[in-house]
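This briefing is intended for a reader new to the structure. Please look at the sequence and the model below before reading the grouped points.

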Amino acid sequence: MNPGMLRRTWAMAQKEWMHIGRDSATLYFALVMPLVLLVLFGYAVSFDLDHIRTVIVDRDHSAESRLLAQHLFSGKTFDRAAVLDHEADVEPMFRRREAQLALVIPKGFSASLGRGEAARVQVLVDAADNVVAGTAVGYVSRFAENTNRARMLDVIGDDPARIEARVRALYNPELRSTVFLVPGLIAFIQSMMGVLLTALTVAREWERGSMEQLFATPVSRLEIVVGKLLPYFGVGMAQLLLVLSVGTWLFDVPIRGSLVVLFAISSLFLAACLGQGLLISVATRNQMVATQLAAVTSMLPAALLSGLIIPIDNMPRILQIFTQVLPARHFVSALRSILLRDGSLVSMLPDAGALALFALAMLLGSTKSFRKVIA
């Protein structure tokens with residue numbers, strides 16, 4: 001790049017930067033909106049389940065049945081919604097959404113325990129919400145196992161020999177869903193904001209008629225494209241720093257990896273998103289169409305196909321292949337690796353290569369599509 005080209009590109013970047021500085025709506029959109037989205041999604045999207053409204057149907061009315069119920073409600077996982085005498089009263093409570101789970105203790109429960117036999121109880125769960133139901137059933141199974149072990153120790157004073165799997169959850173010992181979700185949310189928000197930031201920049205020039213003035217200058221297509229990208233790259237990095245700082249502080253997400261690697265991967269991702277928005281802006285020349293196209297092509301793939309919530313391995317093979325071209329898919333993977341597993345740059349080379357190729361393709365596509373012709 002010769003000095004003249006550098007000077008013209010820098011002048012173009014200064015012009016765009018002055019426009020951003022004068023436009024308070026753009027600054028609000030770039031710096032405040034991502035924080036609002038992060039807080040909103042961070043608190044609203046959670047797979048942790050507490051305070052399950054639980055009904056007890058105690059048909060045994062014994063000290064053992066009352067002890068079992070007392071043990072069930074000793075923590076914060078299950079909340080007592082009601083104590084009923086008949087099993088038939090459970091379903092009406094499910095329909096009125098007053099309960100999510102019911103524990104039915106049959107008559108003869110204490111007698112079975114006294115004879116040393118297996119004492120069966122029934123668990124009813126409202127499976128209209130299969131996510132809540134699956135989690136609740138897992139909690140009940142764990143409760144039953146712990147109760148059986150406690151009874152073994154109480155009755156025979158020993159826990160019989162058996163195979164015991166001691167699970168150690170690495171990188172997220174408490175299995176908090178926010179630790180898994182927040183890196184994905186950062187990628188989702190940055191993907192949407194990055195594309196939308198640049199989607200309007202060229203289309204706005206065409207609609208305001210200022211593009212003709214640019215054509216009267218000796219600035220080339222590449223200088224216009226790069227000059228328009230540079231200020232938004234700075235805004236995007238400030239945006240990423242804000243979202244990352246608030247996300248890790250507010251939701252207690254660790255940063256175990258290198259900040260240099262994080263900055264390098266984030267730069268590639270940001271360049272890819274800004275390039276995608278610029279290509280949309282160059283191709284449409286219309287702010288409304290550019291906004292709609294940018295929202296559809298950034299939000300939906302980042303939300304559904306990036307691995308933010310749905311594991312990519314569970315998708316059909318054709319979708320798994322398609323996700324390879326999505327920047328958000330690679331950034332989510334790299335961000336979780338850096339923040340949670342202290343991943344090295346070498347382990348993220350495939351993601352970095354895919355992001356670099358996408359960014360280069362968008363830059364070349366924007367430059368080639370940008371024609372200094374007044375239609």
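At 41% relative accessibility, Tyr-171 counts as partly exposed, a class that lies between buried (under 20% relative accessible area) and exposed (over 50%), with a 1.4 Å probe and protein chains only. The model is predicted: local features need pLDDT of at least 70, side-chain atom pairs count only at pLDDT 80 or more, and totals for chains, interfaces and linings use all residues. Residues are numbered from 1 along each chain as its sequence is written, and side-chain values use heavy atoms, with hydrogens and water left out.

**Positive phi angles**
- Tyr-171 has a positive phi of about 70° although it is not a glycine.
- The loop between helix 7 and helix 8 holds Tyr-171; helices (H or I, at least four residues) and strands (E, at least two) are DSSP runs numbered from the N terminus.
- Asp-342, also not a glycine, has a positive phi near 55°.
- Asp-342 sits in the loop between helix 15 (327-341) and helix 16 (349-369), and its 47% relative accessibility makes it partly exposed.
- Most residues other than glycine have a negative phi.

**The sheet and its helices**
- Four strands form an open sheet of mixed pairing, in the order 2-1-3-4; two strands pair if DSSP finds at least two bridges between them.
- Strand 2 (78-84) and strand 4 (122-125) are the edge strands, each pairing on one side only.
- Strand 1 (residues 52-58) pairs with strand 2 in the parallel sense over six bridges.
- Val-55 has Ala-82 in strand 2 as its bridge partner.
- Helix 4 (residues 63-72) packs on the sheet and touches strand 1, strand 2 and strand 3 (101-105), where contact means heavy atoms within 4.5 Å.

**Nonpolar cores**
- The largest nonpolar core has 62 residues, and Leu-38, Ile-186, Val-202, Met-211, Ile-265 and Phe-370 touch the most other members; such a core is a set of buried Ala, Val, Leu, Ile, Met, Phe, Trp, Tyr and Cys residues joined through side-chain atoms within 4.5 Å.
- Helix 8 (residues 177-199) gives the most to this core, with 13 residues.
- Beyond its neighbours within four places in sequence, Ile-186 is in contact with Leu-38, Leu-240, Val-243, Leu-244 and Leu-335.
- Another core, of 15 residues, lies apart from the largest one and includes Ile-52 and Phe-78.

**Annotated spans**
- The unreviewed UniProt entry lists "transmembrane region" for several spans, including residues 25-45 and 257-281; such annotations may be inferred rather than shown by experiment.
- Residues 25-45 are 90% helix and 0% strand, with end C-alpha atoms 28 Å apart.

Terms used. Axes fitted to C-alpha atoms, helices over the stretch in contact; angles between N-to-C directions.
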